[in-house]
Every structure is written in C-alpha cells, then in structure tokens.
Amino acid sequence: MGRNNYISLDPREIAYTDLRSRVKDAIDLAVVQARKSNGGYRHGSVLFRGPRVLGLGHNELRHVSWVTSLPGDAGDTNLTDWNVHAEVSCLHNVRKDLTAGADMVVVRIGRSGAIRLSQPCSRCLRTVTRQGVRRVYYSITEDLYGRIDLAALDLPRGGRSRGSGSPLD
Ligand SMILES: [Zn+2]
C-alpha cells in the first residue's frame with residue numbers, strides 16, 4: 001500500500017483563494033523557509049497564532065557526528081544524517097508555552113520552485129498534536145491546500161500516552 005507513513009484522515013481541502021489572509025502570509029513565509037532546506041525535499045513550516053508568527057522551520061539534514069569521535073572509529077558504519085522534518089524543526093524554534101492552540105502551515109517546493117504536496121507524515125502529526133497545535137494547513141498544489149483539525153484526530157495530546165488498540169485503523 002505504501003501509505004503506512006500517513007495517518008488515515010479525511011482532510012478538508014480549501015482553495016488557496018479561500019484561505020484567510022493570515023494563512024496566506026504564513027504560506028509566503030513557509031515558502032521562504034522551504035528554500036533553506038538542505039535535504040532532498042524542500043519543506044518549510046510556520047507556526048502562528050492570528051497575525052503573530054511564533055516560529056519558523058525547514059527540512060534539515062543534521063549530520064550526526066558524535067559517533068565519529070569515538071577513539072579508533074575509522075569506519076562510517078554508524079555515521080548518519082538525520083532528516084529533521086520542517087514541522088519538527090519549527091517546533092524546536094518555538095518557546096514551549098506558545099505552541100498550544102497555535103496553527104501551523106507546511107509547504108513543499110519542487111525544483112522549479114512550484115508548490116507541491118506536503119502532507120505531514122504521521123510522526124510529525126503526532127508531535128505537533130502532542131504540543132497542542134490546533135490546526136495544520138499543508139500544500140497540495142499551488143491552488144489547493146489541506147486543513148487538518150488536530151483535535152478531531154484521536155491522537156495523544158499534552159504529554160506521553162500509552163495509546164490504545166490500533167490508533168491507525
Ligand atoms: Zn514529517
């Protein structure tokens with residue numbers, strides 16, 4: 001099936017022209033962020049509440065270098081690049097007490113700079129939900145966006161949870 005990385009949901013699709021101005025402003029900022037990505041895919045993300053921008057993020061390949069400092073470790077078998085997704089990168093740049101009730105935008109740009117699909121992966125959705133984010137808008141095409149109301153998802157909020165049953169079914 002190949003879609004196990006995504007939580008099954010039925011996002012609401014909204015035409016770009018119907019988005020509120022504050023969301024469009026956040027999208028513009030997210031596109032600028034996406035251009036800063038240093039990995040294969042260029043995603044940018046913005047956390048905002050009303051007109052206030054709370055945080056910015058982009059896809060980042062972070063070189064995990066601690067293993068190379070081990071004495072006698074000349075190989076590269078444990079060396080890796082860790083891809084920090086734009087949504088999580090964004091949250092890293094926000095004060096923890098500001099995330100609850102905020103909205104997030106995430107976009108992807110292709111090689112030509114055109115807007116492409118940027119549906120959040122399940123790991124990011126869980127992370128932003130846990131931090132109390134209210135709503136995520138993501139790009140589908142230049143003209144179409146998806147909106148996910150996180151409160152409607154049956155995901156753990158506000159800290160650790162053991163979960164129950166099969167939350168992905
Ligand atoms: Zn992700």
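Two residues are taken to be in contact when their C-beta atoms, placed from the backbone, lie within 7 Å. By this criterion, in the predicted model, the buried residues of helix α1 pack against β2, β3, α2, β6 and β8 (135-139).

The protein contains three helices and nine strands, which follow one another along the sequence in the pattern β-α-β-β-β-β-α-β-β-α-β-β. Of its 169 residues, 31% are buried. Among contacts between residues at least 6 apart in sequence, 61% join residues at least 24 apart.

The buried residues of α1 are Val23, Ala26, Ile27, Ala30, Gln33 and Ala34. Viewed down the helix axis, these buried residues fall within an arc of 115°, so they line one face of α1.

Strand β2, one of the elements against which the buried residues of α1 pack, spans residues 42-49. Seven of the eight residues of β2 are buried, so the strand is largely enclosed by the rest of the structure. β2 pairs with two strands that are described here in turn. With β6 (residues 103-109), the pairing is antiparallel and runs over seven bridges; within it, arginine 42 has isoleucine 109 of β6 as its bridge partner. With β3 (residues 52-58), the pairing is also antiparallel and comprises six bridges, and here valine 46 stands opposite leucine 56 of β3. β2 and β3 form a hairpin with two residues between them. In the turn of this hairpin, glycine 50 has a positive phi of about 60°.

In soluble globular proteins, nonpolar side chains tend to be buried together. Leaving aside neighbours within four places in sequence, valine 46 is in contact with Ala26, Leu29, Ala30, Gln33, Val53, Leu56, Cys90, Met104 and Val105. Among these contacts of valine 46, Ala26, Ala30 and Gln33 are buried residues of α1, while Leu56 is the residue opposite valine 46 in β3.

Valine 94 lies in the loop between α2 (86-92) and β6. This residue has 19 C-beta neighbours inside 10 Å and therefore counts as partly exposed, since a buried residue needs 20 or more. Apart from residues up to four places away in sequence, valine 94 touches Leu47, Leu54, Gly55 and Thr99. The C-alpha atoms of valine 94 and leucine 56 are separated by 8.1 Å, although the two residues are 38 residues apart along the chain.

The average pLDDT of the protein is 83, and 76% of the residues score at least 70. Over residues 73-77, where pLDDT stays under 50, the model has two contacts beyond four places in sequence. Over residues 159-169, where pLDDT likewise stays under 50, the model has six such contacts. Where pLDDT is low, the predicted coordinates should not be read in detail.

Terms used. Residues are numbered from 1 along each chain as its sequence is written. This is a predicted model: local features need pLDDT of at least 70, side-chain atom pairs count only at pLDDT 80 or more; totals for chains, interfaces and linings use all residues. A residue is buried if 20 or more other C-beta atoms lie within 10 Å of its own, exposed if 12 or fewer, and partly exposed in between; C-beta atoms are placed from the backbone. Helices (H or I, at least four residues) and strands (E, at least two) are DSSP runs, numbered from the N terminus. Two strands pair if DSSP finds at least two bridges between them. The arc is that of the directions from the helix axis to the C-beta atoms. pLDDT is the predictor's confidence in each residue, from 0 to 100.
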